Amino acid sequence: MNIALLTAAGVGSRMHQDIPKQFMNVENKPIIIYTLEAFQNHPSIDAIIVVTLPNWIDVLQAYARQFNITKLKWIVAGGETGQESIHNGLVKLQEECHEEDVVMIHDGNRCLVSSDIISDSLAVFKTHGSAVAAIPCVEAVFRSKDNGASSIISIPREQLYRTQTPHTYTLKKLLWAHEQAELQNIVNTAATCTLMQQLGETIYFSKGSEENLKITTVDDIMIFKALLHTKKDEWIK
């Protein structure tokens, strides 16, 4: 079984709004519903679990009924950190699923994840046993030792990749990683790929996209709204 685990337990402090960003409405639809629909509509996804804020569980259940998100099987409360929230979701899946089931962890506020990204994540997972969506870095990058005031160290951009989500692993592998994190006192690794790297695991990249943006600020909302109404011209390959 292929399961999407959506993280939606952040309070959205950088958005400076009255409600968490994942529940903000864009064109009469909550952001989290756009994300849920992407996985609802993908034929290879069998079930969805969402980790969210405790006080918003009932709201999310109501939205799921309203927008006919039939694959949403479980909603659990998040933790104090992103790592804890993911762990809470995994513990629930451990109770309900098989350890060899495939779990695709995805940011609930990356609502433009495409069918191609989901499919490629599953394809890379099938080949390598894991997959992390990523895109190459196209900007010149410098390392600063004085909080961004200056730099004399340039990093070749050809060696750099920006990771996104989804991150796809077996449930067994994810449970192992979180057990090791507890044993080794690894905390606050909200990105599963970072946790895996710290545990010595190789990261295998799957397809990402600039459109697969993470909505964090008001500017991101504006970009998201623009992308909703943008279609690729026919002449573009």
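Visitor: What should I know before I start?

Guide: This is a predicted model, in which local features need pLDDT of at least 70, side-chain atom pairs count only at pLDDT 80 or more, and totals for chains, interfaces and linings use all residues. Residues are numbered from 1 along each chain as its sequence is written, and side-chain values use heavy atoms, with hydrogens and water left out.

Visitor: How many helices and strands does the protein have?

Guide: Helices (H or I, at least four residues) and strands (E, at least two) are DSSP runs, numbered from the N terminus. Here there are 7 helices and 9 strands.

Visitor: What radius of gyration does the protein have?

Guide: The radius of gyration is taken over C-alpha atoms, and the globule rule is 2.2 Å times the number of residues to the power 0.38. A compact globule of 237 residues would come near 18 Å, and the protein agrees, with 18 Å. Its C-alpha trace spans about 55 × 45 × 40 Å along the principal axes.

Visitor: What share of the residues is buried?

Guide: Buried means under 20% relative accessible area, exposed over 50%, and partly exposed in between, with a 1.4 Å probe and protein chains only. Of the 237 residues in the protein, 46% are buried.

Visitor: Let's take a helix. Which residues of α2 are buried?

Guide: Helix α2 covers residues 57-66, and its buried residues are Ile 57, Leu 60, Tyr 63 and Ala 64. Seen down the axis of α2, these fall within an arc of 120°, so they line one face of the helix. That arc is the one of the directions from the helix axis to the C-beta atoms. On the face turned away from the buried side you will find the exposed residues Asp 58, Arg 65 and Gln 66.

Visitor: What do the buried residues of α2 pack against?

Guide: They pack against α1 (31-40), β2 (47-52) and β3 (72-77). Just after α2, look for Asn 68, which takes a positive phi of about 60°.

Visitor: Now a strand. Where do its side chains point?

Guide: In a regular strand the side chains alternate between the two faces of the sheet. In strand β1 (residues 2-8), 7 of its 7 residues are buried.

Visitor: Which strands pair with β1?

Guide: Two strands pair if DSSP finds at least two bridges between them. Strand β1 pairs with β4 (residues 102-107) in the parallel sense over 6 bridges, and Asn 2 has Val 102 as its bridge partner there. Another 6 bridges join β1 to β2, also running parallel, with Ile 48 as the partner of Ala 4.

Visitor: Which directions do the partners of β5 take?

Guide: Strand β5 (residues 131-136) is joined to β8 (residues 161-170) by 5 bridges and runs antiparallel to it, whereas 3 bridges join β5 to β9 (residues 205-207), which run parallel. Ala 134 stands opposite Thr 163 in β8 and has Lys 207 as its bridge partner in β9.

Visitor: Last one: is Ser 130 buried or exposed?

Guide: Ser 130 is found in the loop between α4 (115-128) and β5. Ser 130 counts as buried because its relative accessibility is 6%. Contact means heavy atoms within 4.5 Å. Leaving aside neighbours within four places in sequence, Ser 130 is in contact with Val 124, Phe 125, Thr 168, Tyr 169, Thr 202 and Tyr 204.
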